[in-house]
Amino acid sequence: MRLSAASKLLGIVLTLLLWAASPAAHADSFDDAGVLLAGKYPEIEQGVALLAASGNPAAASALQALGAGRLLIGQDKALFIEAEDGSLASARNGAKIEGDRPAGLKPIKVNNRIRRAIEAAMGQLTLLSSDPEQRRRAADSLFDNPDPAQLAALEGALGQESDPAIKLVLEQARAAILLAGPGTSDDDKLAAIEILAARGDQKAKVLLEATAINGSTTVADAANAALKAIDRSLALWSAVQSVYYGVSLGSVLLLAAIGLAITFGVMGVINMAHGEMVMLGAYTTFVVQEIIRTTAPGLFDYSLLIATPLAFLVSGLAGVAIERSIIRFLYGRPLETLLATFGLSLVLQQTVRSIFGPTNREVGNPGWMSGSVDLGGLALTYNRLWIIVFSITVFALL
């Protein structure tokens, strides 16, 4: 009696899980896979599953070589990878084969079904990787490109995952695949909708919109209700994000306003070159970073800590020079200070343009200012966060 496709798939998955659960099996699975790969197409398909479950780092290279027609098998069922230049290496450990080629080598033939099995196995290898970040990326990739053929591998990885954060992403990827699959029951789709509604981002919204159009009445109603909840949540987080961006920009303006207020309040001077003083500090930071890049790149993460005091010093010395050469003769005449500093601002702008050129120059973020942290639906970028902290610190010290 012929087995159905579903029964065969179930047999492969069970075989894979049994081998993955057995440490002793991992040590010999390359040999066992070689026995299966020497057989007919159904046995080759099971051999692909065993390679994926072997836990051997070389399994990915062996599977890629199999898909490219460069995986050879010897009379003793040992597996070899043939490079484009004709050289051989052991598929088990990548060791080069010196001397004569082993006798009786032949390539393992594949068909479209085997190629699909290889794709699924490659996806499973990343899902079962020992690197948590690689597992997360694999789960994110499946969520972005839900492939029903990867469902069995994904469920196997989900059963073995111990990291709660990665497990949540795997569950979300599974929900995306269930919604994309043509044969998913309404009950499974309703459960998947709940998971995606809890995720609540734009990617989940796209999947739910397609489900609302193509699903049954019950599923479409649930998807529409989830979409409305996501829209409300996204609108709220968008408003909070705008406030965060506004506070970050306002922190920069606060620093500039402090300088203007002190200059006018203490000295009675309307300083139209105040922005150029900020510019001098910015270009000081740029010069410091360029020196560090070329002479001591290992110190780049400390470049802002080095540049900030120097920026204050350069701007301060420029301010002293301006006061001693121009402003001291104009005290008590605020409108004349306005005209004088306006002309000075043009001079400073042209001087910097002549030295550094008219194009923008980049001040790079060190590692501790790069990236972001997610808080609900809010992405708090570290560079904006540090700007706010720095501005509050300067204001408090002042």
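## Before we start

Helices here are DSSP runs of H or I with at least four residues, numbered from the N terminus. With that settled, let us turn to the model, which is a predicted one.

## Overall build

The chain holds 15 helices and six strands. It has 398 residues, and 35% of them count as buried. The exposed surface comes to about 22,400 Å², with 62% of that supplied by carbon and sulfur atoms.

Looking at contacts between residues at least 6 apart in sequence, you will find that 60% join residues at least 24 apart.

Four of the strands make an open sheet with antiparallel pairing, in the order 3-2-1-4. Its edges are strand 3 (88-90) and strand 4 (106-107), each of which pairs on one side only.

Strand 4 runs antiparallel to strand 1 (residues 71-73), and two bridges join them.

## The largest pocket

The largest pocket has a volume of about 1,800 Å³, and 43 residues line it. Nearest its centre lie Leu255, Val278, Gly281, Phe312 and Phe390.

Helix 13 (303-325) is among the helices that each supply at least two lining residues, along with helix 11 (217-267), helix 12 (274-295) and helix 15 (382-397). Helix 13 gives the largest share of the lining, eleven residues. By type, the lining is made up of 27 nonpolar residues, 15 polar ones and one charged residue.

Key:
Residues are numbered from 1 along each chain as its sequence is written. This is a predicted model: local features need pLDDT of at least 70, side-chain atom pairs count only at pLDDT 80 or more; totals for chains, interfaces and linings use all residues. Side-chain values use heavy atoms; hydrogens and water are left out. Buried means under 20% relative accessible area, exposed over 50%, partly exposed in between (1.4 Å probe, protein chains only). Contact means heavy atoms within 4.5 Å. Accessible areas come from the Shrake-Rupley method with a 1.4 Å probe; for residues, only the protein chains shown count as cover. Two strands pair if DSSP finds at least two bridges between them. On a 1 Å grid over the protein atoms alone, a cavity is a set of points where a 1.4 Å probe fits but cannot get out, and a pocket is an open set with protein on both sides within 12 Å along at least five of seven lines; lining residues have an atom within 4 Å of a point. Grid points are joined across faces, edges and corners, and a volume is the space filled by probe spheres set on the points. Ala, Val, Leu, Ile, Met, Phe, Trp, Tyr, Cys and Pro count as nonpolar, Asp, Glu, Lys and Arg as charged, and the others, Gly among them, as polar.
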